[in-house]
Amino acid sequence: MSERRIPVIEIFGPTVQGEGRVIGRKTMFVRTSGCDYRCAWCDSAFTWDGTGKDDIRLLTAGEVIGELTEKGGEFAHVTLSGGNPALLPQLGELIDRLHAQGAEVALETQGSKWQEWFRSVDELTLSPKPPSSGMETDWAALDGIVGKLENAGRSFSLKVVVFDEADLDYAAAVHARYASAPFYLQAGNGRLGETEPARLLPYLLERYEWLIGTVMADARFRKVHVLPQLHTWVWGNKKGV
Ligand code: SF4
């Protein structure tokens, strides 16, 4: 059995999942460090920009599960997040061990890299990044991932964060390209520096209202879900919640 360690920057929970298909679900979080992207509005830049380097620990799958149990007791659901957890082939062992003890696993990645263990993830979200991120989508890589998941009969969802009209056009293109996958639009948070939740909320509500109104009026979006980032409504930009 491989003992390759996992670079973990945060383990926390139980808390509610704030985004996408599993929004509202009681879950434990494991956040890995490292990302191959540098999104302009990344809300977890500490995983890759050096500011969180003192928090990175190299843990075995068993150590991660031990800490999850310590914090979450008999947990039933774990979210693997990053950074980009898809950079880590060794996560397969963790996922298998979580399944063996009856926990379900959700994972989000931008869809730039494939890992064989994608086929084992119960709730996989592919979240390609729109123009406002400053990143370029590798469509061949994303097509390849979607194709492999479809061939394996695995369900997955797509999620695009939207800040402006250009992002909306990008989201429409993603939705059209992978028309049969559940599709989620999420209002972007452009105020990552705001530390007071009460001051952040009116802005987030305004952005969510804008996104709802725009998507409802846009015939390109027929079979979609429009969501806020729920945890920011409750805790603002706080880490570890
Ligand atoms: S892909 Fe995600 S973690 Fe990586 S830079 Fe972009 S928003 Fe941040």
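**Figure 1. Strand β2 in the predicted model is mostly covered.** Strand β2 spans residues 26–32. Of its 7 residues, 6 are buried. Two strands pair with β2, and each is described here in turn. Strand β1, residues 6–16, runs antiparallel to β2. The two are joined by 6 bridges. Within this pairing, V16 stands opposite K26 of β2. Strand β4, residues 77–81, pairs with β2 in the parallel sense. That pairing is made over 4 bridges. Here V30 stands opposite L80 of β4.

**Figure 2. L80 and S81 are two buried residues of strand β4.** L80 lies in strand β4. Its relative accessible area is 0%, so L80 is buried. Sequence neighbours within four places are left aside in the contacts that follow. L80 is in contact with V30, P85, L91, L94, I95, V105, A106, L107 and E108. V30 also stands opposite L80 in the strand pairing. V22 is 58 residues from L80 along the chain, and their C-alpha atoms are separated by 13 Å. S81 also has its place in β4. The relative accessible area of S81 is 14%. The cut-off for a buried residue is under 20%, so S81 counts as buried. Not counting residues up to four places away in sequence, S81 touches F29, V30, R31 and T32.

**Figure 3. Ten named residues surround the ligand: C35, Y37, R38, C39, C42, S44, W48, G83, Q110 and K129.** G83, one of the surrounding residues, sits in the loop between β4 and α2 (91–100). G83 also takes part in a cis peptide bond, shown in the next view.

**Figure 4. Cis peptide bonds join G13 to P14 and G82 to G83.** Most peptide bonds are trans. The bond from G13 to P14 is cis, with omega near 0 degrees. P14 is placed in strand β1. This is the strand that runs antiparallel to β2. The bond between G82 and G83 is also cis, with omega about 15 degrees. G83 is in the loop between β4 and α2.

**Figure 5. Helix α3 buries one face.** Helix α3 runs over residues 139–151. At 1.5 Å a residue, its 13 residues should span 18 Å. The end C-alpha atoms are 18 Å apart, which agrees. Which residues of α3 are buried? They are A141, L142, I145, V146 and L149. Seen down the axis of α3, these buried residues fall within an arc of 130 degrees, so they line one face of the helix. An α-helix has 3.6 residues a turn, so residues three or four places apart point the same way. A140 and N151 are exposed, on the face of α3 turned away from the buried side. The cover over the buried residues of α3 includes β6 (123–126) and β7.

**Figure 6. Strand β7 is largely enclosed by the rest of the structure.** In β7, 7 of the 7 residues are buried. Both faces of the strand are covered. One side carries F156, L158, V160 and V162. The other carries S157, K159 and V161. In a regular strand the side chains alternate between the two faces of the sheet. Strand β6 runs parallel to β7 and is joined to it by 3 bridges. In this pairing, L126 stands opposite L158 of β7.

**Figure 7. Helix α5 has a buried side and an exposed face.** Helix α5 covers residues 197–216 and has 20 residues. From its first C-alpha to its last, α5 reaches 28 Å, close to the 28 Å expected at 1.5 Å a residue. Its buried residues are L200, Y203, L204, R207, Y208, L211, T214 and V215. They cover an arc of only 140 degrees around the axis, which puts them on the same side of α5. These buried residues pack against β7 (156–162), α4 (165–177), β8 (183–187), β9 (224–227) and α6 (230–235). The face turned away from the buried side of α5 carries exposed A198, E209 and M216.

Notes
Residues are numbered from 1 along each chain as its sequence is written. This is a predicted model: local features need pLDDT of at least 70, side-chain atom pairs count only at pLDDT 80 or more; totals for chains, interfaces and linings use all residues. Side-chain values use heavy atoms; hydrogens and water are left out. Buried means under 20% relative accessible area, exposed over 50%, partly exposed in between (1.4 Å probe, protein chains only). Two strands pair if DSSP finds at least two bridges between them. A residue is near a molecule or strand if one of its heavy atoms lies within 4 Å of it. The expected span of a helix is 1.5 Å times one less than its number of residues. The arc is that of the directions from the helix axis to the C-beta atoms. Contact means heavy atoms within 4.5 Å.
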